[in-house]
Amino acid sequence: MMRADNPKLTLVAGGAGFIGSHLCQALLDRGDHVICLDNLQTANPDNLGELERNPRFEFVEGDVIQPLPPGIIARAGRIRRIYNLACAASPPHYQADPEHTMLTNVIGTDHLLRLAEMSGARFLLTSTSEVYGDPEMHPQREDYRGWVNCTGPRACYDEGKRAAEAMAFDFARMNRAEIRVARIFNTYGPHMNPDDGRVVSNLICQALTGSPITLYGDGSQTRSFCYVTDMVEGLMRLMESDIDGREPVNLGNPEEFTISVLLEVVRDIIPTRAAVQYLALPIDDPRRRKPDIGRARLLLRWEPQTPLAAGIAKTAAWFAGQLDTEKLRIKERVIAA
Ligand SMILES: NC(=O)c1ccc[n+]([C@@H]2O[C@H](COP(=O)([O-])OP(=O)(O)OC[C@H]3O[C@@H](n4cnc5c(N)ncnc54)[C@H](O)[C@@H]3O)[C@@H](O)[C@H]2O)c1
């Protein structure tokens, strides 16, 4: 992991979530002072445990759609970096309150961009491969404009992220803030929320609990899975790079797997005889997803390092450690739902 020359005061909005908690740890490891701003909407409170033992870590509970807490505004002049990860990332969670999801992306991003302008901090938005929708171009390059449905149930997230990108690029064009935009593709690893309905956490939890394995569609749809520490390295490289920030950068694993192959990898690590139940594909679920990471390779000298089987093994070990009796009961309820 890179080291900063000087300790920086860094704000991570959404830092208590899955990717955010790993990012906060990596920033602490290189010597930053980290303020994590999070409303705990989808965060697992366990994610904060180790972070809070570090005296350079500070947790502030707050919602980015509200005016930013005075304690953060008061230190604006010292904040050097702002990472915006605040937004529920899995469909069941971001669709539970779609208005809040849209406002998080639009109002929340505006609040954080204005903080960046006020403080002169560099701002990084975690956008998403969802801005490409159900893509007609494969693999997806940053100049592909997407095939997105603005009337469907995923629009609050997809269109919210597109609006957040538009606003960030406007701040850059008008020299109001220095920005970086990462388009994140499927990421997995420890600290994922077991009930968020994502395919990796679903399959691992189902295999660990011996529950029926649920596959949406026929399992032939593809995804690319990036291990979380690789993703965090990419985000930090992008933030610290001197590239022209007025272009987004895809971050993800260019290796493409069908969901059926992912299931075989999971079953190799966690043997299970549970039957596979095939369910209907959710509305607007993309059939293929794979990043072109040429820009990240060229500009950041970055590409994922963790093979799928190794990453799934680490993730499964972490979930297994979480499976005490109470959590097991919760998972069984979720998986049965
Ligand atoms: N995990 C992925 O595969 C993936 C893929 C593409 C993009 N992303 C993006 O990366 C970011 C992090 O994703 P994640 O997987 O860690 O999701 P996550 O749900 O685990 O983390 C999101 C965090 O943001 C917080 N949050 C949500 N709304 C908020 C609000 N209004 N104010 C303050 N905090 C708020 C949540 O409590 C949570 O801690 C998200 O912006 C997501 O859109 C993730």
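Colleague: Which residues in α7 meet α9?
Modeller: This is a predicted model. On the α9 side, the contact takes in Ile-259, Leu-262, Leu-263, Val-266 and Arg-267. By class, the contact of α7 with α9 has eight nonpolar residues, no polar ones and one charged. The residues in α7 that meet them are Val-199, Leu-203, Ile-204 and Ala-207.

Colleague: How many residues of domain 2 are in contact with domain 1?
Modeller: The domain assignment gives domain 1 as 9-187 + 227-251 and domain 2 as 189-224 + 254-286 + 306-336. Their C-alpha centres lie 25 Å apart. On the side of domain 1 that touches domain 2, α1, α4 (91-96) and α8 (228-240) each supply at least two residues. Domain 1 brings 25 residues to the contact, and the number from domain 2 is 16.

Colleague: Which element gives the largest share of the shell around the ligand?
Modeller: Of the 29 residues around the ligand, Gly-14, Gly-17, Thr-42, Ala-43 and Ala-89 come nearest. The elements that give two or more residues to this shell are α1 (18-29), α5 (98-119) and β5 (122-128). The largest share is three residues, and it comes from α1.

Terms used. Residues are numbered from 1 along each chain as its sequence is written. This is a predicted model: local features need pLDDT of at least 70, side-chain atom pairs count only at pLDDT 80 or more; totals for chains, interfaces and linings use all residues. A residue is near a molecule or strand if its C-beta atom, placed from the backbone, lies within 6 Å of it. Helices (H or I, at least four residues) and strands (E, at least two) are DSSP runs, numbered from the N terminus. Domain bounds come from an automatic or database domain assignment. Two residues are in contact if their C-beta atoms, placed from the backbone, lie within 7 Å. Ala, Val, Leu, Ile, Met, Phe, Trp, Tyr, Cys and Pro count as nonpolar, Asp, Glu, Lys and Arg as charged, and the others, Gly among them, as polar.
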